[in-house]
Amino acid sequence: RLYGTIKLISFSLHKRVRIRLTTNQWHSFTDYDASYIPNSHDGCYDRFTFTIELDPLAIIPGNLIEFCLSYDTLTGQQFWDN
């Protein structure tokens, strides 16, 4: 399993946060939704959490687990980071 917490500047109240993950150098990927951590807004930042079940057959010596994050606003803006 891969666990994580995402801290991001809150541009809007409604948003979708996703993790895009690959184990084969981006030949394919899977998107996972992150969940808002209730009451985590501190005036500037929101926090989200995620748990991803990794396929043990995809994890082989020398293979990388790569991911990036996306933040979609209700107005259709999309931001990416890695």
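Start with the second largest pocket, which has a volume of about 150 Å³. A pocket here is an open set of points on a 1 Å grid over the protein atoms alone, where a 1.4 Å probe fits, with protein on both sides within 12 Å along at least five of seven lines; lining residues have an atom within 4 Å of a point. Grid points are joined across faces, edges and corners, and a volume is the space filled by probe spheres set on the points.

Before you click further: this is a predicted model, where local features need pLDDT of at least 70 and side-chain atom pairs count only at pLDDT 80 or more, while totals for chains, interfaces and linings use all residues. Residues are numbered from 1 along each chain as its sequence is written, and side-chain values use heavy atoms, with hydrogens and water left out.

**Stop 1: still at the second largest pocket**

Select Leu21, Thr23, Thr30, Tyr32 and Ala58: of the 13 lining residues, these lie nearest the centre. Strands E2 (15-22) and E3 (30-33) each give at least two residues to this lining; strands are DSSP runs of E, at least two residues long, numbered from the N terminus. Colour the lining by class and you get six nonpolar, five polar and two charged residues. The classes go like this: Ala, Val, Leu, Ile, Met, Phe, Trp, Tyr, Cys and Pro are nonpolar, Asp, Glu, Lys and Arg are charged, and the others, Gly among them, are polar.

**Stop 2: the largest pocket**

Now select Ile6, Lys7, Leu8, Ile9, Phe11, Val17, Leu69, Ser70, Tyr71, Phe79, Trp80 and Asp81, which line the largest pocket. The space inside is about 200 Å³. Which strands each supply at least two residues of this lining? They are E1 (2-9), E6 (66-73) and E7 (78-81), and E1 has the largest share, with four residues. By class, this lining has nine nonpolar, one polar and two charged residues.

**Stop 3: the four-stranded sheet**

Switch to cartoon and show E3, E2, E6 and E7: in that order they make an open sheet with antiparallel pairing. E3 and E7 are the edge strands, each with a single partner, so one side of each has no neighbour in the sheet. From one strand to the next the twist averages 25°, using axes that are lines fitted to C-alpha atoms and angles from 0 to 180 degrees between N-to-C directions.

Zoom in on E2 and E6, which pair in the antiparallel sense over eight bridges; two strands pair if DSSP finds at least two bridges between them.

**Stop 4: past the end of E7**

Pick Asn82, in the segment after E7. Is Asn82 buried or exposed? Its relative accessibility is 79%, so Asn82 counts as exposed (over 50% relative accessible area, 1.4 Å probe, protein chains only; buried is under 20%, partly exposed in between). Leaving out residues up to four places away in sequence, Asn82 touches Phe67 and Cys68, contact being heavy atoms within 4.5 Å.

**Stop 5: two positive phi values**

Most residues other than glycine have a negative phi. Gln25 is not a glycine, yet has a positive phi of about 60°. Find Gln25 in the loop between E2 and E3, exposed at 57% relative accessible area.

Finish at Asn39, another non-glycine residue with a positive phi, near 60°. Asn39 lies in the loop between strands E4 (35-36) and E5 (45-52) and is exposed, with a relative accessible area of 77%.
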